[in-house]
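Here is a short briefing on one protein model and its ligand.

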Amino acid sequence: MNLFDTMAELGHEQLVHFQHRDSGLRCLVALHSTALGPAIGGLRMWPYATEADALRDALRQSRAMTYKAAVAGLDLGGGKAILIGNPETDKSEALLRAVGRFVGGLSERFIVMEDVGTNVDDMDVIYRETDRVVGVHPVHGGSGDPSPFTALGTAFGIRACLERRFGQGDFGRHSFAVQGVGGVGYHLVKLLRAEGAKVFVTDINQERVEPLVDEFRAEAVPMHQIYDVDATVFAPCAMGGIINEDTVPRLRCKIVAGGANNQLESNECGTQLESRGILSAPDYAINSGGLMNAAVELQGYSVERARRMVERIHGIVARILEIGARDHIASWQAAERVAEERLRTVAAIRQPYRARGGRGEDRYSGRPRPTLLTD
Ligand code: NAD
């Protein structure tokens, strides 16, 4: 890979490599854009086969984060931290503190949060070294587990899709096929069932399905049949790439809208979906509730403010779908257009972060926190 050419092509600002021999730290931080504010991004810990794989992931995901934060209306940019290692065997206090030391050194350019292979406890350890971390435990003034907020935002986005397709968004009149009932899927099923929706569920891990069948009377479906379920909405809440050339022709739903990241194997698959008459909610727009919840922490966490912000996902998804319909473009294209327009126009006039009297105080040092557009 020709590094500078690749960074220029994708629009990245900065790429940083950290190593610390004593703790075993090998960490990459990619900052795609700080045009709207400090870059925020998950810390992913994964035993990458090669350093090139880790680098590719850092570049791809930091760019996706720029788009996610832009569409969400946040004063934040996109970044990603990659910690090379096995989260089951290689994680230690020293390693996470080393991450904190180095991330803190990036100062106001980067804020780290949890991702695959890391969790709230890990963020707490990082917080011992730097305040440039969100998603710490509520006892430290943090926002904790983002999954319920991602699920809540996904439910708002699904309602916008139903309204666009059917003129009303009453869950109770529709059926849903939820793929993956971990953190996000579980909470989504709960929200759907609370309004009397018919819900089909599947998971690679049967232990996660049973409580939903017992507690919420969801109907279990074998894993490979979830695409064939005759439900109004297919809600992917497991892994990425599941909207692909094999699955698009099988889908019997009218809407694809779920919390999983990178649902489309390619943009063409998104276009194929729509040419089959299936409406789809761009994943990074509908699943931004967890990011919004974490972002609220930057101004002093309040669950009410987080909920209010997450409610905005209804309008965000509705607007994207409206642009798609108006301009005869797929929803993934409409979402890119919204993000790029905001990056271009807002970045041109915004001021660097400013303190706001009495609010946004840093949890430890009293320094002003970065502010959010939506405040
Ligand atoms: P999780 O690990 O808690 O849950 C994922 C679930 O999917 C697990 O129960 C797993 O067993 C199941 N699964 C894995 N492969 C499957 C398969 N082939 N078929 C059916 N089930 C399968 O993860 P999560 O936090 O709920 O995240 C789910 C998705 O949402 C991921 O794509 C994640 O990147 C995305 N996401 C999560 C958040 C968040 O706040 N947690 C925010 C934004 C996006």
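Gly 42 has Met 113 of strand S5 as its bridge partner. The model is predicted.

**Strand S3 and its partners**
- S3 and S5 (residues 110–114) run parallel, joined by five bridges.
- On S4 (residues 77–84), S3 pairs over six bridges, also in the parallel sense.
- Within that pairing, Gly 78 of S4 is the bridge partner of Ile 40.
- Helix H2 (residues 51–71) carries the chain from S3 to S4, in a right-handed β-α-β crossover.
- S3 itself spans residues 39–46 and is mostly covered, with seven of its eight residues buried.

- The side chain of Thr 150 places an N or O atom 2.6 Å from a ligand oxygen.
- A polar backbone atom of Val 184 is 2.8 Å from an oxygen atom of the ligand.
- For Gly 259, a backbone N or O atom lies 3.2 Å from a ligand oxygen.

**Cover and shell**
- The ligand alone exposes 830 Å², and the protein buries 75% of that.
- Helix H5 (147–166) and helix H6 (183–194) are the elements that give two or more residues to the shell.
- The shell around the ligand holds 20 residues; Thr 150, Val 184, Asp 203, Arg 208 and Ala 238 come nearest.
- By class, the shell has nine polar, eight nonpolar and three charged residues.

Note on methods
Residues numbered from 1 in each chain as written. Predicted model: local features only at pLDDT ≥ 70, side-chain atom pairs only at ≥ 80, totals over all residues. Heavy atoms only, no water. Near = heavy atom within 4 Å. Polar contact = N/O pair within 3.5 Å; in protein donor to acceptor, adjacent residues only side chain to side chain. Areas by Shrake-Rupley, 256 points an atom, 1.4 Å probe, with all protein chains shown as cover. Helix = DSSP H or I, 4+ residues; strand = E, 2+ residues; numbered from the N terminus. Nonpolar A, V, L, I, M, F, W, Y, C, P; charged D, E, K, R; others polar. Buried < 20%, exposed > 50% of the residue type's maximum accessible area, 1.4 Å probe, protein only. Pairing = 2+ DSSP bridges. Right-handed = clockwise from strand over helix to strand, strands pointing away.
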